[in-house]
Amino acid sequence: MISIGVDAGGTSTRVGIVDSAGDLLHVDHTPTSTFSAPDQFVTHVVGVVNKLVEDGHHGLTDGGSIGVAVAGTLDRGRESVHRSVNLPFLEGHPLRQAIADELHTHTVLMTDAEAATWGEYSALSPRPDRFVHLRLGTGLACGVVIDHNLLRLDADRTGHLEYLVVDRGPTALPCSCGKSGCLETIASGPAIARQIEGTGPIAKSESGSTTPTLTRIVTERVANVLTIAIANLVEQFHPSVITLGGGVIEAWPQIAEATVDKHQRNQAQSSVAVVEVIRATRGDQAGVIGAARLAGVDCHALATTRGDARESGASACV
Ligand SMILES: [Zn+2]
C-alpha cells in the first residue's frame, strides 16, 4: 500500500509517494508562490499525484491515502484551512473534499507542524511514549506526541502557544501573532537575519562588533531562548525526547549544538527526569513523509488536545 504526502509550506510545496515502510519513493517540489487560488492548488496536487502514480506504476485507489499538510491552522473538522499567512487563498475553501473528489481517495488534512512532527517521530526507533518536535524556519512550529497520538495544538488558537513565549520582560519584541516575546521573534529565520544584519536588538547593542563575534552572540541568544522554550515544553508535556529541526537548524547546526549543550548543563543541575534533546534527522522531507504516514499506516494517531473523540483520525482511518 502506498500513501501520498503533500506538504504545502511557506516556500515550497512537496508532493511525494511513501511506501508502506514509510520510505519516500519520489517527490516533486514546486514553489508555493506559484499558487494564488484554491482551484489552482488542487489542480497542481491532483496533476502531480496522477503523474507520480503513473510513473511509478503504483495503484492509489486500492487502499491508498493522501495526507495534505498546510502551513496554517485548520477548522475543527479538518475540512479546510482556517488561517494561513503563506496560503491565504486557501482559507475557508473545502480543501480536503476538493482533493478527495478529484482523486477518489481517502484524504486527510493536517497542519505542516503535525506532519513534520510525525515525520520525525516515525524516524525514531524505538518510538518514545512522549515526544516533542520543535521546528525553526520562516516561522516556528511545534508538535507533541503522547502515547503514540499526535496532540492537536492548533484548535481555537489565535496566537503562538503560551509555552513558546520566551521573553516576558518589558523589552520583549512584539510578534506578528499579537503577543510579545514569542520564540519566533528571536529564533525564526527572518528574526535571525534581522539580528545578523544589524536591525535587531543584539546588533544595535553590539555596534562595532565583527561579524564572527556577532554571529556567536546571535547563536548564543537563540540557543538561550530555545533552552527556555525546551524547559517550558518539558514542564508542560514531560517528553523523553525533543528533536530540533527546520530550515534554521539545517542551515545553522551550531544553534542546535549550543542548545543541546545548554540543555545538558541545565539538566545536570536538575533532579527531573532526563530529556534527550537531539537534532531532527529527516530534514525538509519530514513533512511529506509525516503527512503520508498520518493519512496511511499511522492514521490512528491524529487526536485532539481536548479529550474529544478523535474527531478525524480514528474515524477516517482506511
Ligand atoms: Zn507570536
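**Close-up views of a predicted model**

**View 1. The open sheet of β3, β2, β1, β4 and β7.** In this predicted model, 5 strands make an open sheet with mixed pairing, ordered β3-β2-β1-β4-β7. Strands here are DSSP runs of E with at least two residues, helices are runs of H or I with at least four, and both are numbered from the N terminus; two strands count as paired if DSSP finds at least two bridges between them. β3 (24-31) and β7 (106-111) sit at the edges with a single partner strand each, so one side of each has no neighbour in the sheet. From one strand to the next, the twist averages 15°; axes are lines fitted to C-alpha atoms (for helices, over the stretch in contact), and angles run from 0 to 180 degrees between N-to-C directions.

A note on numbering and cut-offs: residues are numbered from 1 along each chain as its sequence is written. Since the model is predicted, local features need pLDDT of at least 70 and side-chain atom pairs count only at pLDDT 80 or more, while totals for chains, interfaces and linings use all residues, and side-chain values use heavy atoms, with hydrogens and water left out.

**View 2. β1 and its two neighbours.** Strand β1 (residues 3-8) runs parallel to β4 (residues 65-70), joined by 6 bridges. With β2, β1 runs antiparallel, again through 6 bridges, and the two form a hairpin with 3 residues between them.

View 3. Strand β2 (residues 12-18) is mostly covered, with 7 of its 7 residues buried; buried means under 20% relative accessible area, exposed means over 50%, and partly exposed is in between (1.4 Å probe, protein chains only). In a regular strand, side chains alternate between the two faces of the sheet. Here Ser12, Arg14, Gly16 and Val18 point one way from β2, while Thr13, Val15 and Ile17 point the other way, and all are buried. An antiparallel pairing of 7 bridges links β2 to β3, and within β3 the bridge partner of Gly16 is Val27.

View 4. Helix α2 (residues 95-103) lies across β4 and β7, at about 150° to β7. Helix α3 (residues 112-121) also packs on the sheet, touching β1, β4 and β7, and its direction makes about 100° with that of β7. A contact here means heavy atoms within 4.5 Å.

View 5. Another 5 strands form an open sheet in the order β10-β9-β8-β11-β12, with mixed pairing. β10 (149-150) and β12 (276-279) are the edge strands, each pairing on one side only. Strands β8 (residues 130-136) and β9 (residues 140-146) run antiparallel and are joined by 7 bridges. Arg135 is worth a look: Ala141 in β9 stands opposite Arg135, and in β11 the bridge partner of Arg135 is Gly245. β8 and β11 pair in the parallel sense over 5 bridges.

**View 6. Strand β11, covered on both faces.** In β11 (residues 241-245), 5 of 5 residues are buried. Val241, Thr243 and Gly245 lie on one side and Ile242 and Leu244 on the other, all of them buried. β11 also pairs with β12 in the parallel sense, over 4 bridges, where Val277 is the bridge partner of Ile242.

**View 7. The zinc site.** His160 (ND1), Cys175 (SG), Cys177 (SG) and Cys182 (SG) are the protein donors of the zinc ion, at 1.9 to 2.3 Å from it. Donors are N, O and S atoms within 2.8 Å of the metal (3.2 Å for Na, K and Ca); water is not among the atoms, so sites may look incomplete. Angles among the 4 donor atoms are 104 to 112°, and the site is tetrahedral, a label given to four donors if all angles lie between 85 and 135 degrees. Along the chain, the donors follow the spacing H-x14-C-x1-C-x4-C. His160 and Cys182 both lie in the loop between β10 and α4 (184-187), so the pair ties together parts 22 residues apart in sequence. His160 and Cys182 are both buried, and Cys175 counts as buried at 10% relative accessibility.

Methods
Tetrahedral: all angles 85-135°; square planar, octahedral: opposite > 155°, others 65-115°.
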